[in-house]
Amino acid sequence: MKSNRLSQVHQVVEWCPTCAAPCILSEIKFVEKKSRSVYVKFDLTNESVWAFPELGEISRNEGAVRVCILVETLNPWVLPFSLGISLHSKWDYVAIKVPALDGTEIWIVAQIFQEAIEKFIGFEKHSLPLLHFQGGVLHRHYVKHPFFLKNLMIILSDQMGYASGTGAVLINPGLNRDDYQLGLLYGLRIDSLINDQGRYTVDFPEMEGQSLFQANDWIISNLQDSGIILLQEDVLSRYLCCCRCDQPIILR
Ligand SMILES: [Zn+2]
């Protein structure tokens, strides 16, 4: 009978890409920095639209060119690492009709944020939603990644603030401890796209050798042209920084 067993346990740690080393708590400080807030459209897969027949029906009736979940982020550079999108398990969601250049789009947002989002895109008054529902109806269905050939699972989580947003949050298990636990819970396969210096490997060929923060410009310019990203204003936010080199750190 075997008495000793080895098991490999992964951990998310604070990591400085500039020093190519982990940081302990006393080596970390907060800094304030301006960041560009963006909305990103994540299209539901066709199967996921029709897994919720009422949504499938309105999509067909409206001749929608896109049925998407809208997500807000201050860090478009995290998109390559995103493996899921979480919706709040107790919030109400709405499907709203949005005119676009190539036809009608249907956006899914939390009802509490509908007015702010419609104001941002220039609606004079808020619209009558096409559909009301709870996030649970989309649980474990999928949206398409905006530039990788992979799908992201829609999961449920209660860890979401009321302050701003869309009611949908990116899940990046390789960059965040809570997301890592959610990733384990939902069996999401965690990719490591960067090396110790925080530079992309061949797994992201368009950005190979570039720093992960440089992906922001690539992502914004590529997705803005196709209408997948909508730019908002710069906002001030707090970042973790390495005390040794004064450069931003990540969790990995
Ligand atoms: Zn450093």
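Tutor: Let's take helix H4, residues 177-186, where Asp179, Tyr180, Leu182 and Gly183 are buried. If you look down the axis of H4, those buried residues fall within an arc of 165°, so they line one face of the helix. Turn to the other side of H4 and you find Arg177, Asp178, Gln181, Leu184 and Leu185, which are exposed. Keep in mind that this is a predicted model, so everything here is computed from predicted coordinates. Just past the end of H4 comes Gly187, with a positive phi of about 65°.

So what covers the buried residues of H4? The cover includes two strands, S10 (151-156) and S11 (168-171).

One partner is strand S5, residues 84-87, which pairs with S10 in the parallel sense over four bridges. To find the spot on screen, look for Gly84, which stands opposite Met153 in S10. Another partner is strand S9, residues 142-144, and here the pairing with S10 is antiparallel, over three bridges. Your landmark this time is Lys144, whose bridge partner in S10 is Asn151. S9 and S10 form a hairpin, with six residues between them. As background, strands of a sheet pair through backbone hydrogen bonds, either parallel or antiparallel.

Leaving aside residues up to four places away in sequence, Ile85 touches Phe42, Ile69, Val71, Val143, Leu152, Ile154, Ala168, Val169, Leu170 and Ile171. Ile85 also belongs to the largest nonpolar core, which has 57 residues. Together with Ile69, Leu70, Val71 and Val109, Ile85 is among those with the most contacts inside that core.

The buried residues of H3 are Phe113, Gln114 and Ile117. Seen down the axis of H3, they fall within an arc of 125°, so they too line one face of their helix. The cover over them includes strand S4 (66-73), strand S6 (92-100) and strand S7 (103-110). H3 is followed by Gly122, whose phi is positive, near 100°.

Last stop: another sheet. Three strands form an open sheet in the order S2-S1-S13, with antiparallel pairing. Strands S2 (21-22) and S13 (250-251) stand at the edges with a single partner strand each, so one side of each is left without a neighbour in the sheet. Strand S1, residues 14-16, is joined to S2 by two bridges, and Cys16 stands opposite Ala21 in S2.

The loop between S1 and S2 holds Ala20, which has a positive phi of about 50° although it is not a glycine. Ala20 counts as exposed because it has 12 C-beta neighbours inside 10 Å. Asp246 is not a glycine, yet its phi is positive, at about 65°. With 10 C-beta neighbours inside 10 Å, Asp246 counts as exposed.

Definitions and conventions: Residues are numbered from 1 along each chain as its sequence is written. This is a predicted model: local features need pLDDT of at least 70, side-chain atom pairs count only at pLDDT 80 or more; totals for chains, interfaces and linings use all residues. A residue is buried if 20 or more other C-beta atoms lie within 10 Å of its own, exposed if 12 or fewer, and partly exposed in between; C-beta atoms are placed from the backbone. The arc is that of the directions from the helix axis to the C-beta atoms. Two residues are in contact if their C-beta atoms, placed from the backbone, lie within 7 Å. A nonpolar core is a set of buried Ala, Val, Leu, Ile, Met, Phe, Trp, Tyr and Cys residues joined through C-beta atoms within 7 Å. Two strands pair if DSSP finds at least two bridges between them.
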